[in-house]
Amino acid sequence: MEDTTAKILSLIKRRGFVFPSSEIYGGFGGFFDFGPLGVELKNNIKKTWWRAMVQKRTDMVGLDSSIIMSPRIWEASGHTTEFSDPLSECKACHKRFRADHLMEKLRDAGELKKLGFTDEEVKDTADIDQMAKVLASAKCPDCQGELAAPRKFNLMFRTFVGPVEDNASLAYLRPETAQGIFASYKNILDTQRVKLPFGIAQIGKAFRNEITPGNFIFRSREFEQMEMEYFVKPGEDEKAFEYWTKERMRWYVEDLGLKEENLRFRPHRPDELAHYAKACVDVEYKFPWGWSEIEGIANRRDFDLGRHQQHSGTDLKYFDDSDKSSYVPFVIEPSCGVERLFFAVLCDSFEEIQGGRTQTTESVKEAETVLRFKNRLAPVKVGVLPLLKNKPDLVAKAKEVFDALKEYFVCKYDEAGTVGRRYRRLDEVGVPYAVTIDFDTLQNGDATVRDCDTMTQERIKISELVNYLREKIGQ
Ligand code: GAP
């Protein structure tokens, strides 16, 4: 499994999907750059979400709120006091750990008993007092040094607005996009003629000063969220929660094209629910290293709007025309991370074919790696190749075809190496179609279109190419 992860990571870097940020300076932990193919894939994932969540619905509006907002928002939401992870530092090597992760590792390895604690004594591995007791007897996993008592570490990045750096100018980079939605709720209500139930959706950057970023882009310090807050009448929240869990799973399978067997729900236990949540279920994906969260779907009750009403003094109640009542709506929130979906899509599409499958003039003995994206997600849709690079007529025709196709699809022109090699390069990054211009093209006006998934080939008139590819690609 680790081997598969390593192969996927190697492909991701080698072909320019993702690079470590600031790599020429040795990297910068928890930050990443998305390369030419990565940015296309990321945009396609976001487009698929936006299309399903906003544009195809009549009960949804979109929003793009600011990243830095009044710090009072984070006081009201509870983030200044509650948004923290327990941090434990080794007194000898000064390495910092997530104390709750250390506890889980000790529990899973059966170490708690060895340290003299019964299961009953350490029922809740997230309890900070329990952690302090256990970690006082445990050792640093790296150097066996003594561990300091865990303390709460707030994950919000701080900054200062204006020229003076003092408490009055303190602000935060948003750790979730959701609060921007709650803060704009009244503006939407006042300007958009929306009626309950309705939702506000947003895609944007979020920042968290994670103690231990890791698993590549899975836990990073800067990432993007796709979040939607669905406002309903209290009492109708449980039905809406059930609807959204089903709808989100449908989206993963039908729209994003992830394999159903690689997805599952994991309901939260009462002791792990966030401070605002009445219920929460995670959507988990089966990554090569195991099941991990890609999305959380929460019933946030009237917590956020209630708190913002209280802290801002602004009336955020909804007047319900149907029964003339007024209330603060309840909220159902599906929230997912773009980078985690990006990684899941790559893992789901990755395939290794032993012995290779592409016919080339050179023998290909080593295993071939291919990406099989759903067409709408493919970063590049069509490769355009002249059969030979040293024949000016072929090259001119291929460039003409490339210029015509690039008006409609993201295309890649490639003339370097044998056609077999070029097919292989396209397969490796999941380009679904390749158009090859050969000598017959010059005579008959048709070209070979290769379906990279099935490897079947068809001759198609150049004048028909756009329509043919549109139908195949589905755009
Ligand atoms: N508004 C609710 C909220 O932010 P969350 O469970 O903290 O809930 C939602 O985050 C999603 O955001 C997660 O399911 C995950 O996909 C993504 N996410 C959270 N922290 C992340 C991180 N450090 N790196 C990458 N993605 C992250």
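Biologist: Why is Asp321 called partly exposed?
Modeller: This is a predicted model, and Asp321 has a relative accessible area of 46%. Buried means under 20%, and exposed means over 50%. Asp321 is therefore partly exposed.

Biologist: What makes Lys324 exposed or buried?
Modeller: Its relative accessible area is 56%. The cut-off for exposed is over 50%, so Lys324 counts as exposed.

Biologist: How do you know that Lys324 forms a salt bridge with Asp321?
Modeller: The closest N and O atoms of Lys324 and Asp321 are 3.2 Å apart. A salt bridge needs a side-chain nitrogen of Lys or Arg within 4 Å of a carboxyl oxygen of Asp or Glu. The pair therefore qualifies.

Biologist: How many salt bridges does the structure hold?
Modeller: It holds 48. One of them joins the side chains of Arg266 and Asp282, at 3.3 Å from N to O. The limit is 4 Å, so this pair counts too.

Biologist: What does the Arg266 and Asp282 pair tie together?
Modeller: Arg266 lies in strand E11 (residues 263-267) and Asp282 in strand E12 (residues 279-287), so the bridge links parts that are 16 residues apart in sequence. Both residues also belong to a network of salt bridges with Arg264, Arg269, Asp271, Glu272 and Glu284.

Biologist: Why is Asp282 called buried?
Modeller: Its relative accessibility is 4%. Buried means under 20%, so Asp282 counts as buried. Arg266, at 24%, counts as partly exposed.

Biologist: Where do Lys397 and Glu400 lie?
Modeller: Both are in helix H12 (residues 392-405), three residues apart, about one turn of the helix. Lys397 is partly exposed at 22% relative accessibility. Glu400 is partly exposed as well, at 47%.

Biologist: Which residues make the contact?
Modeller: H2 supplies Ile45, Thr48, Trp49, Ala52 and Met53, while H9 supplies Trp244, Arg248, Trp251 and Asp255. By class, the contact of H2 with H9 has six nonpolar, one polar and two charged residues.

How values were computed:
Residues are numbered from 1 along each chain as its sequence is written. This is a predicted model: local features need pLDDT of at least 70, side-chain atom pairs count only at pLDDT 80 or more; totals for chains, interfaces and linings use all residues. Side-chain values use heavy atoms; hydrogens and water are left out. Contact means heavy atoms within 4.5 Å. Helices (H or I, at least four residues) and strands (E, at least two) are DSSP runs, numbered from the N terminus. Ala, Val, Leu, Ile, Met, Phe, Trp, Tyr, Cys and Pro count as nonpolar, Asp, Glu, Lys and Arg as charged, and the others, Gly among them, as polar. Buried means under 20% relative accessible area, exposed over 50%, partly exposed in between (1.4 Å probe, protein chains only).
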